[in-house]
Amino acid sequence: MHRNMLKCHCPSSLPARALVVLTAISLVGGVLADPWPPAKPLKREMKLDASALPRSVDVEAAADGLWRCTFRFKPGPEAKSVCLAGTFNGWNASATTMRGPRGDGFWLVSVDLRPGTHEYKFVVDGNNWRQDPLNPEAIDDTRGGNNSVLRLGQLGSDAAAEARMGDGKINVDGLEHRRELPLYFQPLAADRVLFRYRTLTHDVAELWVAIQNGEMVPMHVLRQRDLFTWYEAEVLLPKTCIKGKVTQINYTFVLKDGDETVSDPDTYSAAFTEQNVIRTPDWAKNAVWYQLMPDRFRNGDPKNDPPYVIPWTSDWFTAQDHEREREKNGETFYHWYVFDRNYGGDFAGVEEELPYLKKLGVNALYFMPVFRATSNHKYNTMNYVHVDPMFGAGPADDYDAIVATEDLTDASTWQWTKSDKRFLEFIKVAHAAGFKVIVDGVFNHVGREHPAFQDVIKNGEKSKYAAWFDITSWEPLKYECWGGFDSVPSFRKSATGLASNEAKEHIFAITRRWMDPNGDGDPSDGIDGWRLDVPNEIPAPFWEEWRQLVKSTNPDGYITGEIWDRAGQWLDGKHFDAVMNYEFAKTVISWVVDKERKITVSEFDRRLDDLRGAYPVVVTQVLQNLVDSHDTDRLVSMVANPDRNYDDRNRIQDSNPDYFNDKPDETCYTKARLIALIQMTYVGAPMIWYGDEAGMWGADDPTTRKPMLWEDLEPYEKPEINHVMKDHLAFYQRAATLRNNHPALRTGSFETLLTDDQADVWAFRRMDHDEQLIAVFNASDQPREATIKLPVDAPSVWKGVFGLDCSVKAADGSMSLKVPAVTGIVLHSPTPK
């Protein structure tokens, strides 16, 4: 009996391969018997075109069909460290360390690579990514630069062998299974594994994964590209593979083409426990996120306002009286008084607007930092133990009196201020209303005003906190700081995390305090997780230990990191649950927004497909799919300023004085709505930057952080541009409601149905056991007729649930519908039983 627990994801243009033919393979009682492997293994032939190699890479044959590649790079005498990053290590900037420098200035490292095409860069001093100057072959990295390219074996040449299905020949160089990558191997439970395998396209007629002492399970097409096709199967393992708490399996892959039935050249072994099964919080799979800056969302309690609060409805670019005084001393709007503004937003304001957020369709709140700090953004933490009084009790707070009795290194001395209690009360109210709450964890650095650093300033090397910080000179005092800003001194690091165990324990105690405030073991009175600021600047072992603390405090606690690129090394079940999915944002902007640099819809779909393949399924489902944030320009302003690298040339005051910073026109808002609908229907949790739904616009910091627009506070100054766009808000409400009403949009499978480059139309299906939805997007400026070839298991009648008020009936396995310009349509049908 053959088990296949995964529904077929075959594109409709491919034949379903449900028929299993066992040729030259014996089964005894449904179980694979000796010999093992079950068919004759293919052999690898090591062939290399030396003329295609760059001068910087020496290559020789290694074991198991691999090539040993020695990379050389000369970064310059100032380099302190050099690493090699590429497609072969998930673009991990620290995993492959180079040795050097030698006497000639070169750094070296040897890695064993599979045949094929590999992209790579050198990473100098942790964050300076450089192309190989000795390699003339490069490819666009989609970020304004290039990746260097290394080609190995026959697949690495332009003359790769053509595959012909049915000819009885299987190209061994096209076969790939890498157990260490989630693309190919994902334990789903103690007795379930998701297997994936790659072949050349049109090279294999049938494919199975074979479990020793188990069964052969047919594999089905996951994705097909011009060169490669990937297959997958979810396998229920036999009980004999589970020995105590450990699951142990030996497996391989069996391939058939024509009269030829063979096994993969390798057999594979895997051992894992329940701890190796990657799990993410179920609630995060159903989240619609809302990121808010507390000072800019809503002023609910004027009694807690700090001095010189700016009138909420005033024009953003108009100086207030006290700012005009600063102008007399030579200051300007951007240099620097706008960065010191406070608007009086607080917890009371957020609590007051929970009904607004509920109506919007939001159910998860991400707060920018709330802990005591001197800035309006609070990233220069003054005290993790307490929240900022300007969000809570204001001048009536008892912060000073309480802090005077506390010891930073002894959590038993910590008390709760009035503002702390106000935040805990907000959490209680938000939870009761169905919201999850996470806050920013800024654990890489603190503000100069932090008492530990103030003690360092006062006592120098004799300070009890001297080991907490990365001091480079005591006289005069110099220290490492984030981004070169001396206002935020960094914690000293070691190879395993924070160099000071006392500093680490302080952060751990802070984590416990806010996740389980009363310490009774029930985390329901605390925050539901953390967004981590610049976590890549702290060595990974710290986060492994910290994650264990978070999950032991609250197994459903959510951890998301600020990682701007691929994040495979952080999403392995040992570090974070998710990241802010900027890779999603970059890809969407490149398709919907860009004009001269616009990518085709097929390239757009390919990039998203690669991104889904890079992470385990349960991770992809909880990624924060944002398009803008406090660190970027607003979405609608991105649309008005196309053809830039993401988050580049978007600051009026320095990087781009010509940035268009007026209110965008309606065509820009139309594209923004299309993007919002993609967010609400795609895999992963959509995230809204506060005010996008109301029509807010602006360049990067500071203008992206204007005070929220509220209808009940209108009229604002310059009301012709400063008002809530009701139609825009209503669209966001409908789109989020669509997602919340349909579980398949949150946790269902994903399958691309159409990528029409000429029409610029994209369609996909989301499906679970009860329902399926088809989303169709037209990114062109013309109405299009979309003809979608449906999968063989798809229903024939579909009801419009967004953007279409009628039903559509398929004919001859295809469905046709008209899609207006820059518009999305969503259709629904029950899943046949």
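Predicted model: local features only at pLDDT ≥ 70, side-chain atom pairs only at ≥ 80, totals over all residues.
Biologist: How is a pair of aromatic rings described?

Modeller: A pair of aromatic rings is characterised by how far apart the centres are and by the angle between the planes. Take Phe367 and Phe423: their ring centres are 6.2 Å apart and their planes stand at 75 degrees, so this pair is edge-to-face. The cut-off behind that label is an angle over 60 degrees.

Biologist: Which parts does the pair of Phe367 and Phe423 tie together?

Modeller: Phe367 belongs to strand E23 (residues 364-367) and Phe423 to helix H7 (residues 418-432), so the contact links parts that are 56 residues apart in sequence.

Biologist: Are Phe367 and Phe423 buried or exposed?

Modeller: Both Phe367 and Phe423 are buried.

Biologist: Which charged ends sit over a ring?

Modeller: One of them is the charged end of Lys378, over the ring of Phe391 at 5.5 Å from its centre. Another belongs to Lys706, whose charged end lies over the ring of Trp697, 3.8 Å from the centre.

Biologist: Now the sheet. How do strands of a sheet pair?

Modeller: Through backbone hydrogen bonds, in a parallel or an antiparallel manner. Here, an open sheet of three strands has the order E3-E4-E7, with antiparallel pairing. Strands E3 (57-61) and E7 (107-113) are its edges, each pairing on one side only. On average, neighbouring strands of this sheet are turned by 20 degrees against each other, direction ignored.

Biologist: How many bridges join E3 to E4?

Modeller: Five bridges connect E3 with the antiparallel strand E4 (residues 67-73). Within E4, Cys69 is the bridge partner of Val59.

Technical notes: Residues numbered from 1 in each chain as written. Heavy atoms only, no water. Pairing = 2+ DSSP bridges. Helix = DSSP H or I, 4+ residues; strand = E, 2+ residues; numbered from the N terminus. Axes fitted to C-alpha atoms, helices over the stretch in contact; angles between N-to-C directions. Phe/Tyr/Trp six-rings, centres within 6.5 Å; stacked < 30°, edge-to-face > 60°. Buried < 20%, exposed > 50% of the residue type's maximum accessible area, 1.4 Å probe, protein only. Lys NZ or Arg CZ within 6 Å of the ring centre and 35° of its normal.
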